[in-house]
Amino acid sequence: MSSSILNAALKLGYVKAAPITGHPFEVWLSRVKGTNLEGFAFMYDPATVSGWPIDEITIWVAIAPSPPLAGWPEGCGEMGAHYVSLQASRTRRTAWEDAAIEMGYKIIRDAFLPERAAAIRAGLGVHGLNGLMIAPDYGSFIDISILLVKTAPPQNARGPEYDLSPGCNKCRNCICACPKGAISENGVDTQICLRSYMSKPDQLPKEDYPKMGRRIIGCDTCQHVCPSNTAVKQVQPSEDLANRLKLETLLTNPDVCPILGKWNKPAYFKSQAVLAAVNTGRKDLLPLIEALVDDEDAILSERAKWAADQLQ
Ligand code: SF4
Ligand code: SF4
């Protein structure tokens, strides 16, 4: 039976999949203590998440490539690879869940579990200093999916004795490249990583506005410099995506991607585009930015005032 779940995953485009036991993710829990992920600590115990006894839990973990993007055209913002492939990722995971149900398994849809920790337990990769999982052959540009199934773990399911990852080669490239200095020998400080400010934009210090560059959502800098990604094939952003991310469009009528959920708010995209306009010297966009100075969104209004001053 377990080979059927594996085969279904491979048919859907995952490149690897493996089962693990449902023991709590204690190592992950100790890592998130004191970080902005602490609020998700409840995810550490699959028995709590599912309501099933531990010996009736199998967690399948699968990875699929999430290709890095390169060559963003001038005049548009940039989006991280994870967000670009989010829609495809969700569709693929749902199809995997559907396939398991069709096979007669009871599952929890969209189970909330620490995906990287599960993938490390499964032996699909190691922990990088940049906080991401690095998979042999695929690097850190991967999408990780989880399938929580009510069935006794198969004999080859790995348990918590594999949770302490040996880690990456610690070359320090990501430490040197991070614009926020968020990475150290101890790992990534998620409180000050640029990605974290995208979910708490009111807390981005003004002196860090230039560090946003033209990032609209996501930051892949620490992945682009990682030697584990050297052989990973980069792809060009589609024309449609590049058009949606043109700064003129973002500043007036943003419609990036409904799948982005909480980020798919016009004021969010406009406020990121305002920073990108300054950071790329777009004086021609000043009239569009001045039109946002009195916006009812306090963050957008504040950034627009700052940007107007910078561009005048
Ligand atoms: S850049 Fe070097 S130190 Fe950073 S995650 Fe990659 S291998 Fe590890
Ligand atoms: S995502 Fe960007 S800001 Fe965050 S740790 Fe990596 S390089 Fe630094």
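**Figure 1. An open sheet of four strands, ordered β1-β2-β7-β4, in a predicted model.** Let's begin with the sheet, where the pairing is antiparallel. The edge positions belong to β1 (16-21) and β4; each has a single partner strand, so one side of each lacks a neighbour in the sheet.

**Figure 2. Strand β7 and its two pairings.** Here we zoom in on β7, which spans residues 142-150. Strand β2 (residues 57-65) pairs with β7 in the antiparallel sense, and nine bridges link the two. Strand β4 (residues 107-108) is also antiparallel to β7, with two bridges. Strand β7 is mostly covered, with eight of its nine residues buried.

**Figure 3. Helix α5 lying across the sheet strands β2, β4 and β7.** Now bring the helix into the picture. Helix α5 is made of residues 86-102 and runs at about 25 degrees to β7.

**Figure 4. The surroundings of ligand 1.** This view moves to the first of the ligand sites. Ligand 1 is surrounded by 14 residues, and the closest are G128, C168, C171, C174 and C226. If you like to sort a site by residue class, this shell holds seven nonpolar, five polar and two charged residues.

**Figure 5. Stepping back to the whole protein, with its 14 helices and 10 strands.** Along the principal axes, the C-alpha atoms fill a box of roughly 65 × 40 × 35 Å. The radius of gyration is 21 Å, which agrees with the value near 20 Å for a compact globule, because that is what the rule gives for 312 residues. Buried residues make up 41% of the 312. Among contacts with a separation of 6 or more, 75% join residues 24 or more positions apart.

How values were computed:
Residues are numbered from 1 along each chain as its sequence is written. Chains are lettered from A and ligands numbered from 1 in the order in which they are written. This is a predicted model: local features need pLDDT of at least 70, side-chain atom pairs count only at pLDDT 80 or more; totals for chains, interfaces and linings use all residues. A residue is buried if 20 or more other C-beta atoms lie within 10 Å of its own, exposed if 12 or fewer, and partly exposed in between; C-beta atoms are placed from the backbone. Two strands pair if DSSP finds at least two bridges between them. A residue is near a molecule or strand if its C-beta atom, placed from the backbone, lies within 6 Å of it. Ala, Val, Leu, Ile, Met, Phe, Trp, Tyr, Cys and Pro count as nonpolar, Asp, Glu, Lys and Arg as charged, and the others, Gly among them, as polar. The radius of gyration is taken over C-alpha atoms; the globule rule is 2.2 Å times the number of residues to the power 0.38. Two residues are in contact if their C-beta atoms, placed from the backbone, lie within 7 Å. Axes are lines fitted to C-alpha atoms, for helices over the stretch in contact, and angles run from 0 to 180 degrees between N-to-C directions.
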